[in-house]
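Q: Could you take me through this model with a close look at one strand and its neighbours? I would like to see how that part sits within the whole.

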Amino acid sequence: MGRVTIVGGGIAGISVALAMLRDGWTVTLCEQAPAFAASGAGLTIAPSARAGLRFLGLEAAFEQKAEMSFPPVILDWASGAAMAPPDIDHRHLGQTRRLLRSDLHALLVDALPRDGSCQMRFGARVVDVDEGDRAVAAILADGSRIESDLLLGADGIKSRVRRYVIGDETPRFTGYVAWRFMLPAEIAVPLLRGRAVTITCGADATLTCYTIGKGRLVNCVAIVRSEGWGEEGWSIPGDPAELAAHFATAHPDARAIVAAAAEGALFTWALFDRAPARGWTRGRVALLGDAVHPVLPFLGLGAGLAIEDAVILARSLSAYPRADAFRRYETGRAPRAALIQRMSADQGDAFARIGVERTVGTAPFFDRSLFDYDPSTVPL
Ligand SMILES: Cc1cc2nc3c(=O)[nH]c(=O)nc-3n(C[C@H](O)[C@H](O)[C@H](O)COP(=O)(O)OP(=O)(O)OC[C@H]3O[C@@H](n4cnc5c(N)ncnc54)[C@H](O)[C@@H]3O)c2cc1C
């Protein structure tokens, strides 16, 4: 095969590293952080992403760490009463799992071979790409170069590789700010009143809570509308009083959950997105994951899309010459990514509408066809 440099050691980067290593590529993985850090909250893994993990040979290890998903119960903002359930097909939930992002990341990292075929470079921030006729180089912040036959940009929403492939537009602030925190089960489970997943919907805020960590924890994510945002990043400490103010008019259980956030680690981050992109590849370089199609978290499909990308990109490269493989990769993936970007945004609007109308009514919940996709078998 050849040498590939992968920029970014998130879920997209490590998944594609594993897929390329299977096919005999020699991998150099550049991660800007000094080490892999276990951060992030809970993740939903849809059936399509599970199929991707199966393709990577990780099904058994994944199933050990993951747990079942359950239909969400939508709660009225003011009273906390459960609303009539939305008229949706929940069959896919039997195949959906959830787990801690840190557990998924660790599972992928542990699967990387130690035989020298995968070289990890930490503290390696890629600032530019230099492409010639015979090779492509990642230029690091210290001025050094890593030459290879292919370069894959899996460097997240603020991707530097994207600048080379698509151009220099900045992500746009969506008007949402997210807050995440974990509560011990003994505090939060009673406040869920026997439900596994609750979503409290207000006009300007949602609070989603679900058990995770094999029943030890409750993962809580609040998403609120906001005029502006401060710092960027995933691990910015949040102010509990500010979060509590957003939920001052919510039902007592939601207020109690939000108040309990003050006892532990509370993080906040602004949600950015980008319009669906065209031109995911250029020469010897391709993009995947959030670098090419960041999605809002309302459907919980961001990490899954990254795994799907990794599988399709590696399958394409193992079956076709590079230019043809890249063309098939983008043609196959772009419509699905654009659909999920749009539906994730629509789902955010639907939650807000429920908050205003105080009924689930005809709010457009997700389309089941989103889940009938298997990256390991879909024609290339
Ligand atoms: C720390 C963290 C916490 C997260 N927490 C959540 C969460 O709680 N819930 C949720 O739904 N989603 C979360 N996400 C996002 C979610 O994991 C991603 O949307 C999804 O998995 C797609 O992953 P990705 O690999 O494309 O991008 P990312 O997960 O953003 O990974 C990109 C990686 O590239 C590295 N990188 C960036 N620029 C460079 C560069 N120039 N050179 C070298 N390396 C670079 C970053 O350090 C990062 O490791 C989190 C992401 C991160 C990074």
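A: Happy to. This is a predicted model, in which local features need pLDDT of at least 70 and side-chain atom pairs count only at pLDDT 80 or more, while totals for chains, interfaces and linings use all residues. Numbering runs from 1 along each chain as its sequence is written.

Along the principal axes, the C-alpha atoms occupy a box of roughly 65 × 40 × 35 Å.

Now to β14. Eight of its eight residues are buried. One face carries A205, L207, C209 and T211, the other T206, T208, Y210 and I212, and both are covered. The neighbours come next, with two strands said to pair if DSSP finds at least two bridges between them. Strand β13 (residues 197–201) lies antiparallel to β14 and is joined to it by five bridges, with I199 facing T208. Three residues separate β13 and β14, and the two make a hairpin. Strand β15 (residues 217–225) is also antiparallel to β14, this time over eight bridges, and A205 sits opposite V224 there. The β14–β15 hairpin has four residues between its strands, and G213 adopts a positive phi near 70° in it.

Elsewhere, strand β11 (residues 150–153) is likewise buried on both sides: L150 and L152 point one way, L151 and G153 the other. Its pairing is parallel, though. Four bridges tie β11 to strand β1 (residues 3–7), where I6 is the partner of L152, and three tie β11 to strand β19 (residues 285–287), where V285 is the partner of L151.

There is also an open antiparallel sheet of three strands, ordered β8-β9-β10. Because β8 (126–131) and β10 (145–148) are at its edges with a single partner strand each, one side of each has no neighbour in the sheet.

Among the helices, α4 (residues 101–110) buries D103, L104, H105 and L108. These pack against α1, β3 (42–45), α3 (59–65), β6 (97–100) and α9.

Around it are 32 residues, the closest being G8, G10, G40, G156 and G289; a residue is near if its C-beta atom, placed from the backbone, lies within 6 Å. Two or more residues of this shell come from each of α1 (11–22), β2 (26–31) and α9 (302–319). By type, the shell has 15 nonpolar, ten polar and seven charged residues.

Technical notes
Nonpolar A, V, L, I, M, F, W, Y, C, P; charged D, E, K, R; others polar. Buried ≥ 20, exposed ≤ 12 C-beta atoms within 10 Å, placed from the backbone. Contact = placed C-beta atoms within 7 Å.
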